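Please keep the sequence and the structure open while reading.

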Amino acid sequence: MRNVTLETVFLHPVTQRYLKRSGIAHAIAVAEYAFDLAKQYQVNRDHATKAALLHDVGHYTWYTEGKWDYDKYRKNDIHAIKGASRAHKLLIRIGEDPQVAKEIAVAILLHTDSYLPNGELQLKPLQQVVHLADEADEETGGNHHYRRIDDKSALERIQLLDQKIMQWLSMNEMKHII
Ligand SMILES: [Fe+2]
Ligand SMILES: [Fe+2]
């Protein structure tokens, strides 16, 4: 059962608004990595790709005189906390199953330990997938947040992920029937 597609999540104005801050290209690449990692870690590919797509929606823009202030960001950032709450609100609003919305929100909350004094989180497989997918797309100096993508290829890549998730879900349903 799947209440909401990745395309619905992606095209929502709230998603578009916040992903533009942290980079749509990064969010899509992380969703693609999460799809493959979900297979490896045997976690739900629908949940993993949604969490990955939304993992950075909590970003605030830390600018000082028109330039990204990395030091200010490092000291004050709580994007994982903010993102978990924002993603949860959005998912519930568009009709996601509440338990799925919770699982996705927690994976977003734990995708980084940058806001904790001493890190070291014990992650569950879905949370590990989102964390590793994010790491896989990281570039030095936070450059992954500035990579550009045109609207058409962004939507095409989301639709391709949706197709793969649907195929995986129907294969899973077949297995249960047999
Ligand atoms: Fe992040
Ligand atoms: Fe990220």
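Which residues in α3 meet which residues in α4? In this predicted model, Ala27, Val30, Ala31, Ala34, Phe35, Ala38 and Lys39 in α3 meet Arg45, Ala48, Thr49, Ala52 and Leu53 in α4. Sorted by class, that contact has 9 nonpolar, 1 polar and 2 charged residues. An α-helix has 3.6 residues a turn, so residues three or four places apart point the same way.

**The α3 and α4 pair**

Helix α3 covers residues 24-41 and helix α4 covers residues 45-54, and the two pack at an angle of about 155° with their axes 8 Å apart. Angles over 145 degrees count as roughly antiparallel, and α3 and α4 are therefore roughly antiparallel to each other. Their crossing is right-handed.

Helix α3 can also be checked on its own: at 1.5 Å a residue, its 18 residues should span 26 Å, and its end C-alpha atoms are 25 Å apart, which agrees. Most of α3 is covered, with 13 of its 18 residues buried.

What follows α3? The helix is followed by glutamine 42, whose phi is positive, near 55°, and this is a residue other than glycine. Glutamine 42 has its place in the loop between α3 and α4, and with 9 C-beta neighbours inside 10 Å it counts as exposed. Glutamate 65 likewise is not a glycine, although its phi is positive, at about 50°. Its place is in the loop between β1 and β2, the latter being residues 67-68, and glutamate 65 is exposed, with 5 other C-beta atoms within 10 Å.

**The α7 and α8 pair**

Helix α7 (residues 98-109) and helix α8 (residues 125-136) have axes that come within 9 Å of each other and cross at roughly 50°. The two helices are therefore oblique to each other, and the crossing of α7 and α8 is right-handed. Glu103, Val106 and Ala107 of α7 make the contact with Leu126, Gln127 and Val130 of α8, and by class this contact has 4 nonpolar, 1 polar and 1 charged residues.

Where is tryptophan 62 placed? It sits in the loop between α4 and β1, the strand of residues 63-64. Leaving aside its neighbours within four places in sequence, tryptophan 62 is in contact with Trp68, Asp69, Lys72 and Tyr73. Tryptophan 62 and leucine 91 are 29 residues apart in sequence, and their C-alpha atoms are 26 Å apart in space. Glutamine 159, by contrast, is found in helix α9, which runs over residues 151-177. The C-alpha atoms of glutamine 159 and leucine 6 are separated by 7.6 Å, while the two residues are 153 residues apart along the chain.

| Residue | C-beta neighbours inside 10 Å | Class |
|---|---|---|
| Tryptophan 62 | 17 C-beta neighbours | partly exposed |
| Glutamine 159 | 14 C-beta neighbours | partly exposed |
| Glutamine 42 | 9 C-beta neighbours | exposed |

Technical notes: Residues numbered from 1 in each chain as written. Chains lettered and ligands numbered in written order. Predicted model: local features only at pLDDT ≥ 70, side-chain atom pairs only at ≥ 80, totals over all residues. Axes fitted to C-alpha atoms, helices over the stretch in contact; angles between N-to-C directions. Helix = DSSP H or I, 4+ residues; strand = E, 2+ residues; numbered from the N terminus. Parallel < 35°, antiparallel > 145°, perpendicular 65-115°, else oblique. Left-handed = near helix turned anticlockwise from the far one by under 90°. Contact = placed C-beta atoms within 7 Å. Nonpolar A, V, L, I, M, F, W, Y, C, P; charged D, E, K, R; others polar. Expected span 1.5 Å × (residues − 1). Buried ≥ 20, exposed ≤ 12 C-beta atoms within 10 Å, placed from the backbone.
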